[in-house]
Every structure is written in C-alpha cells, then in structure tokens.
Amino acid sequence: MKKNVVIGFLGTQLDAGKKRRWRPSIAVTQHGAFPVHRLELLYDRDFHRLAHHVKREIENASPATEVLLQQVDLRDPWDFQEVYGALFDFARGYGFDEDREEYFVHLTTGTHVAQICWFLLTESRHVPAKLVQTSPPRRDEDDITGNYNIVDLDLSRYDALQQRFDLVAEEYNALLKAGIETRNPAFNSLIERIELVATNSDAPLLLLGPTGTGKSELAERIYELKLQRRRVKGRLVHVNCATLKGERAMSSLFGHRRGAMGNGTSDRRGLLREADGGVLFLDEINELGLDEQAMILHAVETGRFLPLGSDHEITSRFHLIAGTNRDLGKLVSEGKFRPDLFARLNLWTFRLPPLSDRREDIEPNIEYELNRSEKLLGTRVGFNADARARYLDFATSPATLWPGNFRDLGASVQRLCTLAPRGRITLALVDQEIDALQTQWRSAETNPDDTLLQDLLGNRTSGIDPFDKVQLAYVIRICRKCPNLSAAGRTLFSASRAAKTSRNDADRLKKYLDRFGLSWADVAE
C-alpha cells in the first residue's frame, strides 16, 4: 500500500492559532480516513520557531506522521515570479517516488499567489500530486479537525467533464466545417488536426490546395475559432497577394511615411498594422516578391516591420495564415520563393483535397449551398425528386471532375436556385445546368486530347469514358500520320499482328473507329 505524503506551506497566521483553535497543518494529519504518513512543511526562516512548534504538536497528536521541515525563503511571498520559481526548483529537486508514495498538495495555507503556483505546478504534473483542501468546522467550535476535500486535476477521470470537452470540440469542428455534416474520413481528420493546432498554437498555418477547395473560407473560420478561444482580439485581414505588385505591394503591406511614394500622399498604416492583435491571411502568398517575403518573415519572427520611408520600426503581432495552390518546395528550388520563409510556414501545413476526392461530401455541400441561396434570395428553393436524383448522379459521377471544385458546385447550385420556377428545381432545369457546366469546362479545358475529340465528335464526347478518350485520341493522331487505313492499321497493331494468321489490320482499325461513329475519311487529314 502506498504511503500518503502531504506537501504544504506553514500557515503563519492559521497555524499559529491566533484567530481560532483550528490549525490546518495540524488538522490535515488527524483525519482517520486519510492517514498522512509524511508531512513536508515548507516555511520561511523568519518563522523557524513556529515551524518547530507545529512539528512537535503534530508528532504528539499523530505519532504515525513523520514531519519534515523544508526551509524555503521568499523575499516577497506575493511576487508570482519568485514564488513560482522557488516551488518549481523545489519540485525539480524533490525526487518523487510514485511507485511507493502518493502525493497531495495542501492548498489551504500560504498566500493566494502560493496557492495559484501550487495549482499550476500540479496541473502541469511538475508536482505529480492531487490537491487536498482543508476547512474549519462549521458549527462545533470544539472540533479542531474540521473537514478535508481531495481534488484530482487529471480531468480525464471525470466522465461528465470529458463529455463536455468532447461537445466543445465537436462545436469547434462544426465551426471549421461551416456546420456541414462532412462524411469524408480524411477531411474530417484534417479538420480535427487544424482545430487542435489553431487552438493551441500561434505559429503560422499554411493551407494548400487547388483553386476552389475552400482555403479562404477555412481561413475565415479558423479566425472565428481563434476569436472564440480568445487566442486573438483583433480583426481578420485578408490579402490577395496576386493583386500586389512592385512598390505598391510594399506600401500596401507595410505602409509608408508621407512623401515616401514621391507623390506627397499622407501616411499609410499598411495591412500588417491593421492585423495587429488579429489574423493576417496572405492568399496566394507565392505571388509576393522575394523582398516582400523577407519582410514578412521578419515581421512574423519579431513582431516588427519597417514602413517605407521610415527610420523606425512599427510593432504588430498577428497570427499568420498563408494560402497557395502552388508547390512552394518547387518554387524554392527554382529561386522564386525564400527557403527561410517556406521553412517557417511549413511547420503546420494542411492540404485541402479537391472535390473529386470528396464525392461523399457533395450531397451535404449541396444542402449547404441551398441554405446559403435561401439567405441570398430570401426564398426557400428545393429539388423535385427526379431532378435531385439526376443532379446527384451527375455531381457524384467519377466522370465529373469539378475542375473549379467547390467554387463550381456553389455557383451551379446558385444558378439553379435563381432560375427555379416557383421555388422548385425541375429536371429540365438540371439538364440545362449540366449541359452548361460541360460546355463551360470544355471551353476552359486545355487537354489536347479533349480538344481533338471535341472537334471530331462534338457533344458525343460526353458519352465516352475517360479511359477510351485517351486511347481514341492516340489512334486518331496515328491515323493522321499515315497515308492510308492499312498503314495506320499496321502501325497500331504492330505487336499483336505477329501472332495472328489473318493480318487484316485495316479491317480491325475500321471496326474500332466504327465504335465511335467515325470513318477513315473523318479522322484522316
């Protein structure tokens, strides 16, 4: 059985018994249900006599309790830094033996500063102990024992508290996901990790991902989370770095003194100063020049920067979130991005997956967009059953790549809501929207295979699988390099024709083209 060891300060007023008979350092050793095998009593040298007097009384009242006096001198027991430092040093040099002894910190005696320091050291496990709080008797003045209460700061042992923590964590996760019931395991895990980092760290965050994956929206929600957790007090300053070029970039970011720009303009505070105490979101950070990158790094590391035309640095402390759809590591190797800034940003990197990798999240995002459109239009819009089935089938199909990601999805649903007759999205409206999306994506598509097939087949390309598109485009290019159908067949079937007794390669090629409604005349230049 482990021995109980209590550590506490000598109470210079209470243990002297000046106000009442109850004395906490003596009383804590006299509860039968809580045997104290050793009491470590910390005292200042000015109270040497009182400490020894209390020691003798405890040994008389509780012979089974060993009392060890520990002299800890404090010039000012109300100085937090001094008291915490002294107790921290005491804890480091104590030599706790948790296998044989169980430790308790007596929280009743000592100044309020000492009690706070005990709490912090115990909560952080620098002192591996529980708290014991003693109190005087309430009614019977002849009772010199009073009451005691033990508090274990390991909150994981308290199921009700842990459930409350879990609920709060769920609320924060819902905030980061804008309330969308996302189903993708990888994305949900990513959000949980972001929530932990955003609430426990002030270090820069780097959000990576293709255009339209929601980096800007996520940055806004991270700011809201930090605001709720009181990590920041200031505002969110959103900067699209692609709009900042040359000297204008320096002035916009860092501000300038009057006359620094050569046109007699007044002072400009700059966006970094506007972000003081808040969050600075640098979207498309890769667009900044190397000089701006160097100054941003200096501001992040020191909290200071130099406005243009000024001889004195300005102080601004902010949390940095950076976003980009580029590979910063590659830009570093090309000399287009500073390696020191990349190293600073790369501490916490979060890659947002494209919509094509989160197809199970498309349906809840459609519901989110319907709710958002209701707020914009002032009218609730819904799908007819057949229209919903058609749109979901198209939206979640592996053949639908959503090149603009959630930006494309949001715009599509907004168009449907705006055009919906009497607040109902019909099947005809969905078919028109699908045709419009495919036309839009084809016009923006730079894939030469798609361009080649579109020229030959027009809208018929929508019925061809992506796998077949690649093969058909290759066949067409070979045909255009050959003088006739037979020569093209011999080139395309050069490996398999050796194993065949009948080598009618032209017929094989003709039948292949027929599958797509094409002839030699259609594909030959």
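Here is a tour in a handful of stops, each with something to select.

**Before you click**

This is a predicted model: local features need pLDDT of at least 70, side-chain atom pairs count only at pLDDT 80 or more, and totals for chains, interfaces and linings use all residues. Residues are numbered from 1 along each chain as its sequence is written, and side-chain values use heavy atoms, with hydrogens and water left out.

**Stop 1: a six-stranded sheet**

Helices (H or I, at least four residues) and strands (E, at least two) are DSSP runs, numbered from the N terminus. Start with the open sheet whose six strands come in the order E3-E2-E1-E4-E5-E6, with mixed pairing. (Two strands pair if DSSP finds at least two bridges between them.) Strands E3 (66-71) and E6 (147-151) stand at the edges with a single partner strand each, so one side of each has no neighbour in the sheet. From one strand to the next, the twist averages 25°. (Axes are lines fitted to C-alpha atoms, for helices over the stretch in contact, and angles run from 0 to 180 degrees between N-to-C directions.)

Now select residues 3-9 and 38-43: these are E1 and E2, which run parallel and are joined by five bridges. Valine 5 has arginine 38 in E2 as its bridge partner. Contact here means heavy atoms within 4.5 Å.

**Stop 2: rings and charges**

Next, colour the aromatics: the structure holds 15 aromatic pairs. Rings of Phe, Tyr and Trp (its six-membered ring) pair if their centres lie within 6.5 Å; planes under 30 degrees apart count as stacked, over 60 as edge-to-face and the rest as tilted. Zoom in on tyrosine 84 and phenylalanine 88, a stacked pair at 6.3 Å centre to centre with 15° between the planes. They are four residues apart in helix H3 (residues 80-92), which means about one helical turn separates them. Tyrosine 84 is partly exposed at 24% relative accessibility, and phenylalanine 88 is partly exposed at 24% too. (Buried means under 20% relative accessible area, exposed over 50%, partly exposed in between, with a 1.4 Å probe and protein chains only.)

Jump to tyrosine 512 and phenylalanine 516, an edge-to-face pair at 5.4 Å centre to centre and 65° between the planes. Tyrosine 512 is buried at 12%, and phenylalanine 516 is buried at 11%. For a cluster, select Phe90, Tyr94, Phe96 and Tyr103, which ring pairs link together.

Two arginines are worth a click as well. The charged end of arginine 358 sits over the ring of phenylalanine 187, 3.5 Å from its centre, and arginine 508 lies over the face of phenylalanine 493, at 4.0 Å from the ring centre. (A charge sits over a ring if NZ of Lys or CZ of Arg is within 6 Å of the ring centre and within 35 degrees of the ring normal.)

**Stop 3: the largest nonpolar core**

Which residues touch the most other members of the largest nonpolar core? Select Leu272, Leu280, Leu282 and Leu345, out of 29 residues in that core. (A nonpolar core is a set of buried Ala, Val, Leu, Ile, Met, Phe, Trp, Tyr and Cys residues joined through side-chain atoms within 4.5 Å.) Elements that supply at least two residues each include strand E9 (279-283), helix H10 (290-302) and helix H8 (246-254). H8 gives the most, with four residues. Beyond its neighbours within four places in sequence, leucine 272 is in contact with residues including Leu253, Phe254, Leu280 and Ile296. A second, separate core has 24 residues, among them Ile366, Phe383, Leu416 and Cys417.

Then look at E8: Val237 and Val239 are on its covered face, while Leu236, His238 and Asn240 are on the uncovered one. E8 runs parallel to E9, joined by five bridges, and asparagine 240 has aspartate 283 as its partner there.

**Stop 4**

Find proline 210 in the loop between E7 and helix H7 (215-228). Proline 210 is partly exposed, at 34% relative accessibility. Its C-alpha atom is separated by 8.0 Å from that of threonine 324, 114 residues apart along the chain. Leaving out residues up to four places away in sequence, proline 210 touches Lys215, Asn325, Leu352, Pro354 and Asn405.

Asparagine 405 is not a glycine, yet its phi is positive, near 55°; the residue is buried at 2%. Finish at tryptophan 402, in the loop between helix H14 (385-396) and helix H15 (405-419), with a positive phi near 45° and a relative accessible area of 1%, so it counts as buried.
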